[in-house]
Each structure stands twice: as structure tokens, then as C-alpha cells.
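Here is a short note for a colleague opening this entry. Please keep the view at hand and follow the points in order.

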Amino acid sequence: MRILGIETSCDETGVALFDSEQGILADALYSQIELHAEYGGVVPELASRDHVRKLLPLIEEVMQRAGCTKNRCAKAEVDAIAYTAGPGLVGALMVGASVAKSLAFAWGIPAVAVHHMEGHLLAPLLETPAPEAPFVALLVSGGHTQLVNVEAIGRYEILGESLDDAAGEAFDKTAKMLGLGYPGGPVIAKAAERGTPNRFQFPRPMVDRPGLDFSFSGLKTFTLNTRDDCAEQGGLTDQDVADIAWAFQDAVVDTLALKCRRALRQTGAKQLVVAGGVSANLLLRERLAEMVAREKAEVFYPQLRYCTDNGAMIAFAGYQRMLAGADKDLKVQVRARWPLSELA
Ligand code: KG4
Ligand code: ZN
């Protein structure tokens, strides 16, 4: 089976062709980061327009790289089109959904709606060795921070989630406060490399309470106060910024690792899957490696380029949905909010 995957939920246009025997045959990604950088976050209207501009050329590029040059060839070679139907920015989702449905209609093949977070969650299964359900998944992106008990592909129980900001969102907002730019994750990690360990002590939110929920908005306030204290004491220096970045990253990573350990112990699972943009964070990977070694468990990630949004994970999740007998009608339905636990 061959599935064309289309991702347009936020600020990346992603396209990939997945083959059930050979894996990902070709994939292409266009990031709108530069477009949104001057605003310090994603501007929904600009995101939709840019998806319109880039999506068809990317589909053409992927089909060509996979050895198909003409529509006729694509029709013969693609069995279904998977697109991200939510959660995400509605205008951006509509672009991907409309293109996917139209192409599917023209080619006479099904279009399959994919949940963006299921895409992230299943991305590590594209790697070898791949984890096998049951496992615990930590989904950490710009919009979500969730611990999920994966009983089987398609059977997801939310064990805990952020009550306010997602971890990636906290990175983005903190970077903005420190004048480091967007997206926040990579720039905070870079600044933290120059940071003085332990100069500032940031709290570990909600670790002293039972349960698996998270809260990251307090760290934002902590950053703001620390920044302003530095500014009052003779001006905010580059070293102050690096030291705050170090303390912030350390606090987020520590909190995530602690809750992952708690989730493994609570479920008895021995496999942890980590996916979503923040899973690219190297300090997080280091801490989780230490933690799973102590717990005699294993941790799995997508390859780095499939940690952030991409078409490959959508193609693969679409394939899994096809195997499970997904709904394939031609209604264009997208959802800005869509709890993972509501997936049938
Ligand atoms: O999964 P993703 O590409 O998009 C969403 O579905 O939200 O995640 C984007 C998020 C951003 O908030 C970004 O700051 C964060 O992932 N991110 C990172 C790193 N790379 C990206 N956070 C921490 N460390 C990184 N290296
Ligand atoms: Zn994402």
C-alpha cells in the first residue's frame, strides 16, 4: 500500500510518500519559520496563505523523487491520501484537507483524516528497532504536553497533560521574553550551552503533587521576574540571558523526566516513546537516557527531522488508519480542538 501524507496544521508544509514494504520513499518539508519570526509566533492567516503557495509544488516534488512524473502515474501508484484533520489552525488545516480531498477525488482513491498528535505518537515506529505497544508516550510539542498510555495503535488513554502552556509553548514564550527569537526550543538550548549551571534555581512545577499533569506557565513568570531583577541590577547581560536559559531548560527537562518515570512505574511499561518538537531537545534525551537506564526500560524517538511537524508521520498514521478501516468519505472536516482520547 502507498500513502501520500500531507501536513499543514501549523507552520510547516510537509509531504511524504510511504510504502508499506519499503517505508518512506520520498519526503519534503517547507518551514515557514522565517515568515513568522518577526512576529515571535505563528500568524494564522499568513500560515494558510503560505500553505496554499507551497503545497502543490511540494507534492509534485515528492512524486517526482519517488519516480512519478505525471498525474497518471501518481493515480496508479498511490492508494490513499492522508491529511492532518486536526488539532491545529483551522485555516491551515483547511488548505491540506481541501487539497487532499480534491486530489483523492480526481485520482479516485480514498482520503483519510489523521489526528496530528497520533502522527507524532506513531513517528518512532518508522525507526528500527521500533517500540511495540503497549508503551507509554510523552508527546511534547508547541501545542501539547501529554503522557499517553498506548495499549495498542489506536487505543490511547491520556494519563496526564499540561493544565496550561505546552512545554514547547513555554520554550517559545521564554525565548521571546529573553529576546532570543523564534522558535524558542532550539534558541534556548543554544543559549543554555553558555549558561552557568545552577546560578538560578527555577521551580519544578507540580512534581511534589501526585499525578501526571504538568503546568509550565509558572516558569514563564519566574523567567520574567529573574530577567527584571537582572535588568535592575545594572542591566541584562548576554551572560544573564544564557544563565536564565540554562535554568529554564533544566527545570522543564527535569520535570518531564520525573513525570515520565512516574508514568512508567504507574503503568508497569518498560518502553517510553517521546515525540513532538521538544523531543529534539538534547538535554531531554540525555536525562531520559539516564532515567530509563535506572528503571531498566528503553526510550524511543523519531529521527530528528521527524520530531517536528512533517508529512512522513501523517502518511504513516494514515496507513495505520487504513489498516484499521478508516472512514474515507469526501466531506472536508477539520477540527481546531480534537482530544486524542476521542479517536475511534
Ligand atoms: O511538533 P512541533 O513541530 O509543532 C507542534 O505540533 O506544535 O513542535 C514545535 C515546538 C516549538 O514550540 C519549538 O520551540 C519546540 O517544538 N522545539 C524544541 C526544540 N526544537 C523544537 N523545544 C526544545 N528543544 C528543541 N531542540
Ligand atoms: Zn506537531
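**Notes on loops, helices and ligand**

1. Start with a loop residue. Asn198 sits in the loop that runs between α7 and α8, the latter spanning 217–232. Its backbone deserves a look: Asn198 is not a glycine, yet its phi is positive, at about 65°. Bear in mind that this is a predicted model.

2. The peptide bond leading from Thr128 into Pro129 is cis, with omega near -5°.

3. Now the helices. Two packed helices are described by the angle between their axes and by the distance between those axes.

4. Take α6 and α8. Their axes are 10 Å apart and meet at an angle of about 15°. That angle makes α6 roughly parallel to α8. The crossing of this pair, α6 with α8, is right-handed.

5. How do α8 and α9 pack, and at what angle? The angle is about 160°, and the axes of α8 and α9 lie 11 Å apart. So α8 runs roughly antiparallel to α9. As α8 passes α9, the crossing is right-handed.

6. Then α9 and α10. Helix α9 holds residues 238–267 and helix α10 holds residues 282–295; they pack at about 30°, with 9 Å between their axes. An angle under 35 degrees counts as roughly parallel, and α9 is therefore roughly parallel to α10. α9 passes α10 in a right-handed crossing.

7. Turn to ligand 1. There are 19 residues around ligand 1, and the nearest are Gly142, Asp172, Gly185, Gly277 and Asn281. By type, the shell around ligand 1 has 12 polar residues, five nonpolar and two charged.

8. Which helices each supply at least two residues of the shell around ligand 1? They are α5 (116–122), α6 (167–177) and α7 (184–192).

9. Asp172 brings a polar side-chain atom to 2.7 Å from a ligand 1 oxygen. His116 also uses a polar side-chain atom, at 3.1 Å from an oxygen atom of ligand 1. Asp309 uses its backbone: an N or O atom there lies 3.0 Å from an oxygen atom of ligand 1. How much of ligand 1 does the protein cover? On its own, ligand 1 has 560 Å² of accessible area, and the protein covers 88% of that.

Conventions:
Residues are numbered from 1 along each chain as its sequence is written. Chains are lettered from A and ligands numbered from 1 in the order in which they are written. This is a predicted model: local features need pLDDT of at least 70, side-chain atom pairs count only at pLDDT 80 or more; totals for chains, interfaces and linings use all residues. Side-chain values use heavy atoms; hydrogens and water are left out. A residue is near a molecule or strand if one of its heavy atoms lies within 4 Å of it. A polar contact is a pair of N or O atoms within 3.5 Å; within protein, one must be able to donate a hydrogen and the other to accept it, and residues adjacent in sequence count only if both atoms are side-chain atoms. Accessible areas come from the Shrake-Rupley method with a 1.4 Å probe; for residues, only the protein chains shown count as cover. Helices (H or I, at least four residues) and strands (E, at least two) are DSSP runs, numbered from the N terminus. Ala, Val, Leu, Ile, Met, Phe, Trp, Tyr, Cys and Pro count as nonpolar, Asp, Glu, Lys and Arg as charged, and the others, Gly among them, as polar. Axes are lines fitted to C-alpha atoms, for helices over the stretch in contact, and angles run from 0 to 180 degrees between N-to-C directions. Angles under 35 degrees count as roughly parallel, over 145 as roughly antiparallel, 65 to 115 as roughly perpendicular and the rest as oblique. A crossing is left-handed if the near helix is turned anticlockwise from the far one by less than a right angle, and right-handed if clockwise.
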